[in-house]
Amino acid sequence: NINPINSTMMVSSMLFLTLLLVAISHAAASTSAVEGFDSQADFEERVLKSDGVWLVQFCANDKDCGSSSYSKMADLIKGIIHVARVDITATPDIGTSVYHSKKQSSGSGNHKTTMYIFGRDKMNPRHYTGAPDSESIIQTLMDETIQLIAHRAGVTPGGTPGGSNQKKSSSSRKKKPPNRVVEGTQANYDEVVLNNPNVVLVAFTAPWCGYCKKLKPEWDEAAAQLYGQGVTLVNVDATQHEALAQQYGVSGYHTIKVFPGGNKKTHSMAYDLPVERNAPTIAKFALNLADETGVAAPIPELISQEVLQETCGGANQLCVLAALPHILESTAAGRAKYQDMLAAVQKQFRGSAFRFLWLEGGKQLELETALELTFGYPAVVAVSLERQAYSVWRGSFSEKGMAGFLNGVMTGRQSTVKLNPESPQLVVQRAEPWDGKDGAPIEEEEMSLDEIMGWGDDDDDDDKGEL
């Protein structure tokens, strides 16, 4: 079955790309397709009451109003999208309901050349603040056109009319790894972005945007690689949360903003992602930024089966389990030193397949026995849940020693052992998390000699002491 909306978007995309190539290859001169208006009433009738998409440039001098590149772009999309120009010095009344109100609300008293896209909501046009080249402008206009078509069809672009789903193939029914991308909304934005100590990358996207669909698998893969590494990747649907997008001047999709690590981020800290949009490049950039901003990714405590799967259940991941001494043996200060050492090792291996967990020795006896952690604490083991194999570190618990061990695991120099084939599933008992405090010694109840010896109150005093 052919999805009419997908077909429309495919045709639209091909048409715009074809036109763009024609523009680059054949800059043929023609009568300008830039339209003008006789009055405010003419503007309202032709633009605000229009069924189509309009791009209107508001300019203030002969140089800007006479831009040849704008005219050439208008020639290119003539008959597809309306392109107009308003000289606000010669005709200050035209566009008053749009340009002047926008200018005043922004606090600007200067006349600037600017462009507005009148798409689905004519009374709330999009202020175009993207790159000034024709390709970028046309891509934004294409996105707006597809959104308009989808709105008329009553579907989300890329979806199926009526919301029905086709039967999924057998491959799609396979269990997928968890998606590590956080969905950002107006309600949770402060929590997941501004108050998040991690490095945060925010992608502002639209569901009908072709570039966004191309980005999604790269974004998902990068998020999986960076999970637990002091980096958070966020996606914001800018069509649903327009106020957020406008706060960062988003005018085209996708737009990716970068926030450095640390608490109490502000909107002004954001800047555009300066690297290519593929998973390895995004991950490398984010990890470098995490190192620069000193973000320490917390190492989770292994207190349930869910924690094990959440942290180490991904493809090609190696789980580093550190069994630390009981709190009564190490005290809180001693445990903190062990954790700092683990964090230092984790930082050395940022971006690798290793994921780190710690547990209190003796709390997970079944798991510790299965992994041969029976020689005292602290102890370290590297486990592959996927390959059902493990390798135990029997050297000193030091940063240098653990780093050498993990390098040996990565290069294959470290020997590995298969998990027991009869019970390859590692079992984690649910436990209470550490509260960060010193342990309280167990107080034993004092017993009298009578209670120890079993003498009752009715026994004669003469009998006491007889065996």
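Colleague: How many helices and strands are there in the protein chain?

Modeller: The chain has 15 helices and 14 strands. Keep in mind that this is a predicted model.

Colleague: What share of the 467 residues is buried?

Modeller: Buried residues account for 42% of the 467 in the protein chain. The accessible surface amounts to about 25,800 Å², and carbon and sulfur atoms contribute 51% of that surface.

Colleague: Among contacts with a separation of 6 or more, what percentage comes from residues 24 or more positions apart?

Modeller: Such pairs make up 73% of the contacts in the protein chain with a separation of 6 or more.

Colleague: Let us turn to helix packing. By what are two packed helices described?

Modeller: Two packed helices are described by the angle between their axes and by the distance between those axes. Take helix H4 (residues 68-76) and helix H6 (residues 134-153): they pack at an angle of about 45 degrees, and their axes are 11 Å apart. H4 is therefore oblique to H6. Their crossing is right-handed.

Colleague: Which residues make the contact between H4 and H6?

Modeller: H4 supplies Ser69, Met73 and Leu76, while H6 supplies Ser134, Ile137 and Ile138. By class, the residues of this contact are 4 nonpolar and 2 polar, with no charged ones.

Colleague: At what angle do H12 and H14 pack, and how far apart are their axes?

Modeller: Helix H12 (residues 327-348) packs against helix H14 (residues 399-411) at about 40 degrees, with the axes 9 Å apart. The angle is why H12 counts as oblique to H14. H12 passes H14 in a right-handed crossing.

Colleague: Which residues of H12 and H14 make the contact, and how do they divide by class?

Modeller: On H12 the contact is made by Met341, Leu342, Ala344, Val345 and Gln348. On H14 the residues are Glu399, Met402, Ala403 and Leu406. The contact of H12 with H14 divides into 7 nonpolar residues, 1 polar and 1 charged.

Colleague: Now a single residue. Where does Phe118 lie, and is Phe118 buried or exposed?

Modeller: Phe118 is in strand E3, which spans residues 114-118. A residue counts as buried under 20% relative accessible area. Phe118 has a relative accessible area of 0%, so Phe118 is buried.

Colleague: What distance separates the C-alpha atoms of Phe118 and Asp51?

Modeller: Those C-alpha atoms are separated by 9.9 Å, although Phe118 and Asp51 are 67 residues apart along the chain.

Notes:
Residues numbered from 1 in each chain as written. Predicted model: local features only at pLDDT ≥ 70, side-chain atom pairs only at ≥ 80, totals over all residues. Heavy atoms only, no water. Axes fitted to C-alpha atoms, helices over the stretch in contact; angles between N-to-C directions. Helix = DSSP H or I, 4+ residues; strand = E, 2+ residues; numbered from the N terminus. Parallel < 35°, antiparallel > 145°, perpendicular 65-115°, else oblique. Left-handed = near helix turned anticlockwise from the far one by under 90°. Contact = heavy atoms within 4.5 Å. Nonpolar A, V, L, I, M, F, W, Y, C, P; charged D, E, K, R; others polar. Buried < 20%, exposed > 50% of the residue type's maximum accessible area, 1.4 Å probe, protein only. Areas by Shrake-Rupley, 256 points an atom, 1.4 Å probe, with all protein chains shown as cover.
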